[in-house]
Amino acid sequence: METWWNAGFFGVLGLLIGSFLNVVIHRLPKMMERQWAAELAAMSATDAADEAAPSQPEAPFNLMTPRSRCPACGHMVQWYENIPVISYLFLRGRCSGCKTRISVRYPLVEIATGALFFFCIQRWGVTPTGIAWCGFSAALMALAFIDWDTTLLPDDITLPLLWAGLLASALQWTAVPLQASVFGAAAGYLSLWLVYWGFKLATGKEGMGYGDFKLFAALGAWFGWQALVPIILMSSVIGAIIGIAMKVFSSLREGGYVPFGPFLVGAGFTAMVFGPQAILNTVLQLLGL
């Protein structure tokens, strides 16, 4: 009973973390764009007079400021309108100010994060291992949706995730030996780096971004080099199936691209729940082997 109570508590905590992840998913790419714009403006300054010219300071924009508002009418979200899942149901999925529909993705992210936290604690208990896998789950949730929305995999998440995997292995919070974790991180990055350059030299196009290398390296750090082949096989097969389906139904975005990060994330969650060997068996079944 204690295990279930602890898992339930962390499930509720996961709902709260999921609410914060919605903010991260929405704001972090915009923060990156602002930073790039500021750097570009600084680089394009033509002389010292331009650099010294006074500029209007931008209003603070980060994960905490400003407070959440309705993008349609500007209504400031009150605390009681921001309770995970419950507020969405109470408001019937609409802004209390202008009645504009709120995306169902917000409560789904909260529920998924809560379920992942519940699973991690129910399986590993309130231990460094269980808490580490909760952090792993939260990071992957944010990365999947940011990449799907923007094709960006921010270094602010992928690099800490990579180092956390190596640290968790060194502290024996995971079952992956440190040597396997280090080789997994190196092999994960280099393998996709080689694929990227091979594809670019052959076609003149970029088939993926550097964020995919870093995410795959992070998965290698968390699961070891032995898990890399099952993970890349599953993410590639599922990604190809979904990409073909989107093309058939004419739902591909402009440019005909499908971000690869969400499929790496899906394979990562499958490895966490069922183990890398289960991924390999599933892929072989899908391929009829």
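**Ground rules**

I'm looking at a predicted model, where local features need pLDDT of at least 70, side-chain atom pairs count only at pLDDT 80 or more, and totals for chains, interfaces and linings use all residues. Residues are numbered from 1 along each chain as its sequence is written, and side-chain values use heavy atoms, with hydrogens and water left out.

**Entry 1: rings**

I started with the aromatic rings. A pair of them is described by the distance of the centres and the angle of the planes. My rule: rings of Phe, Tyr and Trp (its six-membered ring) pair if their centres lie within 6.5 Å, and planes under 30 degrees apart count as stacked, over 60 as edge-to-face and the rest as tilted. By this rule I get 16 aromatic pairs.

I picked out Trp 133 with Trp 222, a tilted pair at 4.9 Å centre to centre and 50° between the planes. Trp 133 lies in helix α5 (residues 128–150) and Trp 222 in helix α8 (residues 210–223), so this pair ties together parts 89 residues apart in sequence. My helices are DSSP runs (H or I, at least four residues), numbered from the N terminus, and strands would be E runs of at least two.

I call a residue buried under 20% relative accessible area, exposed over 50%, and partly exposed in between (1.4 Å probe, protein chains only). Trp 133 counts as buried because its relative accessibility is 6%. Phe 223, at 11%, is buried too.

Stepping back, I see ring pairs linking Phe 119, Trp 124, Trp 133, Phe 136, Trp 222 and Phe 223 into a cluster.

One more ring: Arg 27 lies over the face of Phe 61, at 5.5 Å from the ring centre. For that I need NZ of Lys or CZ of Arg within 6 Å of the ring centre and within 35 degrees of the ring normal.

**Entry 2: α8 beside α10**

How do the axes of α8 and helix α10 (residues 261–274) cross? They come within 10 Å of each other, at roughly 5°. Axes here are lines fitted to C-alpha atoms, for helices over the stretch in contact, with angles from 0 to 180 degrees between N-to-C directions. The two helices are therefore roughly parallel (under 35 degrees; over 145 is roughly antiparallel, 65 to 115 roughly perpendicular, the rest oblique).

I then listed who meets whom, with contact meaning heavy atoms within 4.5 Å. From α8 I noted Asp 212, Leu 215, Phe 216, Leu 219 and Phe 223; they meet Gly 261, Leu 264, Val 265, Gly 268, Ala 271 and Met 272 of α10. These residues divide into eight nonpolar, two polar and one charged. Ala, Val, Leu, Ile, Met, Phe, Trp, Tyr, Cys and Pro count as nonpolar, Asp, Glu, Lys and Arg as charged, and the others, Gly among them, as polar.

**Entry 3: loops**

Thr 174 sits in the loop between α6 (155–170) and α7 (178–203). Thr 174 is buried, at 10% relative accessible area. Most residues other than glycine have a negative phi, and most peptide bonds are trans. The bond from Thr 65 to Pro 66 is cis, with omega near -5°. Pro 66 lies in the loop between α2 (48–52) and α3 (86–90).

Arg 92 has a positive phi, near 60°. Arg 92 is in the loop between α3 and α4 (105–124) and counts as exposed at 72% relative accessibility. Thr 151 also has phi near 60°. Thr 151 lies in the loop between α5 and α6, and is partly exposed at 40%.

**Entry 4: Lys 214**

Lys 214 is in helix α8. Lys 214 counts as buried, at 17% relative accessibility. What does Lys 214 touch, not counting residues up to four places away in sequence? I found Asp 155, Thr 158, Leu 159 and Tyr 189.
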